[in-house]
Amino acid sequence: MTGITCLEDCFLPLSRRVPPTTRFYRVIGRDGGGKIMAFLTKYRALAQGTGQCIQDGIPNPTEPEIQRFFTGVGAQFTLTPALIARHMTVWLGQLRPVQRQALSSVMDGCLTRLKGQGANENILRNVYIKFMCWFRSPFGQALRGMGQDAPPKILFEGKIGKYEILFLHLLCTAGCDVIYADPCSEDAYRKVDPEGGMSQLIAGEIRTPMPAAPPSAPPRPASVKGDRPSKPAPRTDPPKPQTPAPWAGLESEVELNSWAGDKPLWEAALLSYDARQTGGEARMRTVFSVCLGVDERAAYRSQLFQLKRTLEQGAAKWLLAEQKLPAPTAAETEGFRAVSKDLPRPALIRALCQKLTPACGRVQQLLAQCALEQVLSRSPIEDPVRFYNRAVRLACWLCRYVTQLFEGYRTAYQPVLIYYGPITEGEISLLWALAHTGCDILYFSPDRAAGSVFAAHFLPHHWRETLLPESLEVEPFPQREERLRASTTAYNASRELDTLLYSDTGLFRDRQFTRSQPVTLKTTYDEVGQLWKEEAQYRPSFQARDGVVYVPNLFAKVSGVDKGDLNLYWSHIREMITDSTYLITALPFLQKENRLRPAQTAPYLRDNRLDPKALKGASFYRYTHLPDDKQDYILEKIQALIDYDMILDGGSNLPAVMLAVLMDLDKELLRLLQNFDFTREIPKLLIVDVQETLFTLEECILLAFLNQVGFDIAVFSPTGYRNLEPHLRPDSFEIHTVGSFHFDLTVPDLRRKSSGDWFSRLFGTGR
């Protein structure tokens, strides 16, 4: 046994450690005196409160988690330290800057180490995405505690893999105490770290699986001599864990969605039990559908009404939930409240599951108990009181709805629950449990924003999501058919032709897309001129995917005069001016008179998040005349700019300053933005700066915003002076230094075109 006493360092604040750093210990085996077991018990309790406990591996990120990451930071990127720092700001905005900086540094070091070991770019990118998803979940709570004198605690027990070892080392380097414990062997660890340099070994002489802890007797209350001992409070004994639960192993008894193939799930929900048997063993097959948004309001609402009427006329039991679910009654909670909240979490979960006895068949009861255990075992809630209250609420709901849906169930048809409208995390947990109990779940929300609640949910995303193109506010569930509009044969033929021509063909309909994501290109000086007039769809890195256009745009500063030839210089700039170019030739170009003040916009921000609905009702809001989708697009891009770390030295009220600037866009710029068809000609901002004046913070904010909406931006600075640099991050734009520097110039009339530029040569314009 070596070094066991040093484990106690983990319980000291950093200021009292020698050296004052975080610790990464690998604890292999245990000692005969029980010191290691006692340490792990104490450390585990701290990790459950301030960090994270992991057993037998960290789950790989799910597809929705990865997609959410791509949506947040963009799908196209090349890993650099600057980009990693930018992604940390966007993806982990809840962390303090010093915490994000620490993670950026160690992430870069980890990727550099892997690259040195022969990992290619694809492997590095996959590792990066995996780690970034792990940062957000399940390690978000631990990361928020980094940098304190008492570091957050991470405990990893059991089987471990290569990337989990690297991730634990990364967390320790960034500011967490980490314990990796394996009762038998460190062979898996040594495959990754043969020299053992990433952690310190604590070796016990006993190398066998840890024995199950015996049930502890209730503590005897202390008494003072002469006093009558107090009567212990009544309590519920924990269930004895030595035998498997009756519902153990039933997780796979219900098959969700896959049996339905490509059929819309709200149609599959109408099929009988027999019609769902697709070969092989007969089993319970259900659907779990999440439908977000609408295609056309009247048709959507009529389809909902027809679904309701079909269910009313059919043989299946069904329920419609369109209001916030009623809280459990006192009678419903009575049986569950008899379970002591002081039980260890596994015992508490098992006791609540045993109390779940809905008035239905034995099979559904066991499936409901199994589903409840799965949900509660995955819950990320650490606070024991909050966990207990949420668990009791879910158990009551599950008992209520399983009883209503399955009472008298005879397997001919699966019961159906339609849930319509806004939803919370707890209600999604109920739908998930009901789907795994054997109920068809059909969720509808005309407001696509409800998808964010599903995307962030901690349970495995076993539902199938259907995303319709439009988003509407939630109205009451339809009680009658809506007024319908019929399509002519020619209209339908036109739509079919659109589908053939503009779906994955490389051809695009006018204004086919309403959303874009900039991909700012790193180019040479010559490429700025070559690409400037190219349409977006012909530029490198262009793509259109999932309703979003990735627009390759330019953001370049040209310092100096190429070849020192001013005539050629002005001629080159004239050639770059198009009908969709906003030209600026004098600084400052944003006037301060009558400008919105940050104090006016600050009330419309909360935790640096816009309140779009309130903002559209503000007295200073000037964009009501724009189409709704364009208004939403502008507000989304303002929020993206707030989230991104493009602006330097903006001060503590930078988001309010940004909003004040961007709520007052120039009319010509606004028209260029409205007219921007993301697949075609890109609007442009061209600035010629011959002065010694620096760009203001507000002007840099405007440039950064136009970059985010996809504008091409070129700044010509014949003097070579700094102008953008004080307020824009260096990696936000490219600087091309060419030729020689020229001073005291006068900008000629750049919109005047002249054949061969003979006028300039004759009169020396611009010198």
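**Close-up 1. Strand 3 and strand 4 (residues 177-182) lie side by side as parallel partners, joined by five bridges.** Like every view in this set, this one shows a predicted model. To find your place in the pair, look for leucine 155, which stands opposite isoleucine 179 in strand 4. How does the chain get from strand 3 to strand 4? It crosses through helix 7 (residues 162-174), and this β-α-β crossover is right-handed. Strand 3 has another parallel partner too: strand 2 (residues 52-55) pairs with it over four bridges.

**Close-up 2. Strand 3 (residues 153-157) is largely enclosed by the rest of the structure, because five of its five residues are buried.** Now let us follow the side chains along this strand. Which residues of strand 3 point one way, and which the other way? Lys153, Leu155 and Glu157 point one way, while Ile154 and Phe156 point the other way. Whichever way they point, all of these residues are buried.

**Close-up 3. Strand 20 (residues 684-688) is mostly covered, with five of its five residues buried.**

**Close-up 4. Strand 20 runs parallel to strand 17 (residues 581-584), and four bridges join the two.** What kind of unit do strand 20, helix 25 (residues 697-709) and strand 21 make? Together they form a right-handed β-α-β unit.

**Close-up 5. Three strands form an open sheet in the order 13-15-14, with mixed pairing.** Strand 13 (515-520) and strand 14 (543-545) stand at the edges; each has a single partner strand, so one side of each is left without a neighbour in the sheet. Neighbouring strands of this sheet are turned by 25° against each other on average, direction ignored. Which way do strand 14 and strand 15 (residues 548-553) run, parallel or antiparallel? They run antiparallel, and three bridges join them. One of the residues to look for is glutamine 543, which has tyrosine 550 in strand 15 as its bridge partner.

**Close-up 6. The second largest pocket holds about 860 Å³ of space.** Its lining is made up of 28 residues, and those nearest its centre are Gln76, Leu83, Arg86, Thr520 and Asp731. Which elements each supply at least two residues of this lining? They are helix 3 (81-91), strand 13 and helix 25. Helix 3 gives the most, with five residues. Sorted by class, the lining of this pocket has 13 nonpolar, eleven polar and four charged residues.

**Close-up 7. The largest cavity contains about 150 Å³ of space.** A search of the whole structure finds four cavities of 30 Å³ or more. How many residues line the largest cavity? There are 14, and Ser379, Ile381, Arg390, Ser429 and Phe458 lie nearest its centre. Helix 13 (362-378), helix 14 (384-406) and helix 15 (425-435) are the elements that give two or more residues to this lining. Helix 14 provides the largest share, six residues. By class, the lining of the largest cavity has eight nonpolar, three polar and three charged residues.

**Close-up 8. Threonine 357 sits in the loop between helix 12 (345-355) and helix 13.** Is threonine 357 buried, partly exposed or exposed? With a relative accessible area of 46%, threonine 357 is partly exposed, because that class lies between the buried limit of under 20% and the exposed limit of over 50%. Now look for cysteine 399, which is 42 residues apart from threonine 357 along the chain. The C-alpha atoms of threonine 357 and cysteine 399 are separated by 6.8 Å.

Terms used:
Residues are numbered from 1 along each chain as its sequence is written. This is a predicted model: local features need pLDDT of at least 70, side-chain atom pairs count only at pLDDT 80 or more; totals for chains, interfaces and linings use all residues. Side-chain values use heavy atoms; hydrogens and water are left out. On a 1 Å grid over the protein atoms alone, a cavity is a set of points where a 1.4 Å probe fits but cannot get out, and a pocket is an open set with protein on both sides within 12 Å along at least five of seven lines; lining residues have an atom within 4 Å of a point. Grid points are joined across faces, edges and corners, and a volume is the space filled by probe spheres set on the points. Ala, Val, Leu, Ile, Met, Phe, Trp, Tyr, Cys and Pro count as nonpolar, Asp, Glu, Lys and Arg as charged, and the others, Gly among them, as polar. Two strands pair if DSSP finds at least two bridges between them. Axes are lines fitted to C-alpha atoms, for helices over the stretch in contact, and angles run from 0 to 180 degrees between N-to-C directions. Buried means under 20% relative accessible area, exposed over 50%, partly exposed in between (1.4 Å probe, protein chains only). A crossover is right-handed if, with the strands pointing away from the viewer, the path from the first strand over the helix to the second runs clockwise.
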